[in-house]
There are 2 protein chains.
Amino acid sequence: MAEKRFGKQTIKLSNPPSIISTATIVGPAEGKGPLKDYFDQILEDDKWGQESWEKCEAKLQEEAIRMALMNASLSEGSVDYLFAGDLLNQIISSSYAARQLSIPYFGLYGACSTMTESLSLGSMAVDGGFADNVVCVTSSHFSTAERQFRFPLEFGSQRPFSSQRTVTGAGACIVSSVGNGPYVTYVTTGRVIDAGIIDANNMGAAMAPAAVDTIEAHFRDLNRDPSYYDIIATGDLGKIGHDIAEEILKKDGFKFQEGVFKDCGKLIYKKDQPVFSGGSGCACSATVTYGHFFKEMKKKKLNKILVVATGALMSPMSYQQKESIPSVAHAVSIEA
Amino acid sequence: MAEKRFGKQTIKLSNPPSIISTATIVGPAEGKGPLKDYFDQILEDDKWGQESWEKCEAKLQEEAIRMALMNASLSEGSVDYLFAGDLLNQIISSSYAARQLSIPYFGLYGACSTMTESLSLGSMAVDGGFADNVVCVTSSHFSTAERQFRFPLEFGSQRPFSSQRTVTGAGACIVSSVGNGPYVTYVTTGRVIDAGIIDANNMGAAMAPAAVDTIEAHFRDLNRDPSYYDIIATGDLGKIGHDIAEEILKKDGFKFQEGVFKDCGKLIYKKDQPVFSGGSGCACSATVTYGHFFKEMKKKKLNKILVVATGALMSPMSYQQKESIPSVAHAVSIEA
């Protein structure tokens with residue numbers, strides 16, 4: 001027991017599970033961004049031949065799982081658990097994807113932090129000896145998220161500069177007890193932090209304190225400093241939230257070398273794309289990590305990364321009831 | 001590894017974690033039912049002094065956690081993880097409860113199956129060596145569920161005989177690496193099954209095939225038959241769903257001794273309460289298991305139970321898009 005726990009929030013995976021394959025599918029806007037060559041598939045239209053955006057999102061998740069299985073030369077039957085989640089009410093993208101597959105299913109909700117939540121729990125299941133192979137998957141879709149969390153697209157509401165664009169896409173990975181890496185080595189699980197932000201169009205500011213809380217817990221628990229990692233990437237703080245997080249971390253004594261502290265939401269779109277503060281959504285950290293970072297690790301261009309997916313646990317219902325936005329961030333250390 | 005996996009869906013907890021304490025709080029209707037003496041607290045009004053039913057549900061969950069901690073003489077700081085979920089969009093009851101506590105948080109969504117989902121993952125975290133103590137908690141509320149999944153209460157819609165009443169309440173337990181039991185011994189994780197039911201007022205029928213699938217997997221994987229258990233309890237199939245499940249299981253060759261195959265949704269209300277097919281909701285299986293069954297196990301009146309919480313993964317959005325209701329059920333074996 002003692003060897004697995006480090007401080008309050010961090011655990012060590014004693015037999016680090018290997019990420020043996022990944023799959024990423026993105027929408028047309030993400031396919032025009034600077035990371036386009038890293039994604040396995042780029043959709044030409046954001047309904048992908050389905051009747052609704054919601055059905056498209058479920059298909060995104062299902063196809064990402066199938067592609068990750070294919071990339072690992074595994075059948076559905078060789079997978080012990082599916083850890084999945086998304087942003088939609090009752091996580092319907094995940095449930096409807098799971099319906100198509102005969103894999104024991106754990107549904108998760110951590111808003112955009114679900115990406116590292118699924119990777120954390122999946123890796124724990126493998127390291128704990130409960131599974132040989134698990135699938136971890138998340139998805140999001142600009143058009144399903146806008147109409148659920150903000151306004152119907154047809155309404156044509158004006159978006160403030162602090163807003164972010166929900167990434168359309170899905171990212172899946174297979175975590176296995178055997179493989180050549182990259183390996184999941186440490187997991188730092190976040191607490192729910194509420195900074196009192198009430199603006200659903202400024203999620204970066206709402207999530208920044210949660211990201212800081214988890215990052216500081218990770219370094220405190222492991223007695224490590226940021227120089228250990230090649231990349232420390234938050235999930236979807238966007239420009240505003242990432243600047244806030246960096247400022248707090250610097251004030252608290254954490255120093256980053258040039259280019260180490262990044263945000264998936266700042267990486268996925270080009271500067272001239274109309275996305276304001278950047279990308280967001282479960283698929284933001286999932287496609288950037290399983291597409292860009294994973295492939296750079298396979299090429300040995302990156303060796304040690306810390307992915308800190310960030311979730312704004314907001315709800316239109318609690319917003320109407322004048323609640324502020326609680327947030328959470330989960331960190332996973334991935335090493336070659 | 002091999003010793004932990006039994007067949008496709010079942011795992012054995014090699015060092016069975018102990019449920020060292022529980023706490024249950026229920027609403028006024030549940031406090032008039034036949035199990036009323038088993039619950040730790042019964043509310044006199046279903047808002048509990050809060051401004052909204054949603055805020056009441058978050059308080060139910062928070063107070064159930066605090067009571068379970070107190071019953072185990074543990075502080076928040078001694079708990080490694082909080083595994084929580086509920087029925088509301090973005091699981092706000094859980095997020096707002098977690099905001100009040102400084103415990104690393106995994107948010108879950110499996111509809112009413114979340115009760116055994118949280119107990120499964122919490123027990124795996126303890127048995128895997130990642131935690132000494134975890135809290136597993138779920139909640140539901142009649143008034144928050146009705147207006148989210150069906151109609152606003154003010155609308156006064158007539159309820160069909162196949163409908164069930166969502167239990168108002170919360171149930172929490174502390175799972176620990178040390179303790180005197182009862183112990184979590186086996187976990188059977190469900191696959192998503194869709195029987196094609198589209199009626200949101202007939203959830204029992206939608207969930208019955210998922211319950212059957214998981215129960216049969218449990219017995220097949222362990223090469224066991226129902227006579228092993230004192231009680232095999234589904235979560236919230238209600239009268240209609242439970243009859244369907246029993247009929248299918250009997251056809252498939254599973255025989256139950258009198259009084260063994262039960263349903264928490266059939267146990268929680270009196271016959272003359274206007275609940276039609278019975279109780280439902282995450283709190284249904286949670287309060288019946290952590291209140292009734294747990295206390296009977298402590299008194300040695302029950303020794304071996306299999307709890308099979310059942311979840312209808314329906315959504316008003318997918319319902320409008322003419323999707324049927326996928327379901328899932330997770331089984332947990334608890335032994336004295």
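Author: In α1(B), B:Glu54, B:Glu57, B:Ala58, B:Gln61, B:Glu62 and B:Ile65 meet B:Ile92, B:Ser93, B:Ser94, B:Tyr96 and B:Ala97 of α2(B) (contact: C-beta atoms, placed from the backbone, within 7 Å; helices: DSSP runs of H or I, at least four residues, and strands: E, at least two, numbered from the N terminus). Sorted by type, this contact has five nonpolar, three polar and three charged residues (nonpolar: Ala, Val, Leu, Ile, Met, Phe, Trp, Tyr, Cys and Pro; charged: Asp, Glu, Lys and Arg; polar: the others, Gly among them).

All this comes from a predicted model, where local features need pLDDT of at least 70, side-chain atom pairs count only at pLDDT 80 or more, and totals for chains, interfaces and linings use all residues. Residues are numbered from 1 along each chain as its sequence is written, while chains are lettered from A and ligands numbered from 1 in the order in which they are written.

Now α2(B) itself, residues 92–99: eight of its eight residues are buried, so the rest of the structure largely encloses this helix (buried: 20 or more other C-beta atoms, placed from the backbone, within 10 Å of its own). Among them are B:Ser95, B:Ala98 and B:Arg99.

Zooming out, chain B puts 48 residues into its contact with chain A, and chain A puts in 48. On chain B's side, the elements giving two or more residues are α1, α2, β6 (105–108), α3 (114–127), α9 (316–320) and β16 (326–335). That side splits into 23 nonpolar, 16 polar and nine charged residues.

Notes. Buried ≥ 20, exposed ≤ 12 C-beta atoms within 10 Å, placed from the backbone. Contact = placed C-beta atoms within 7 Å.
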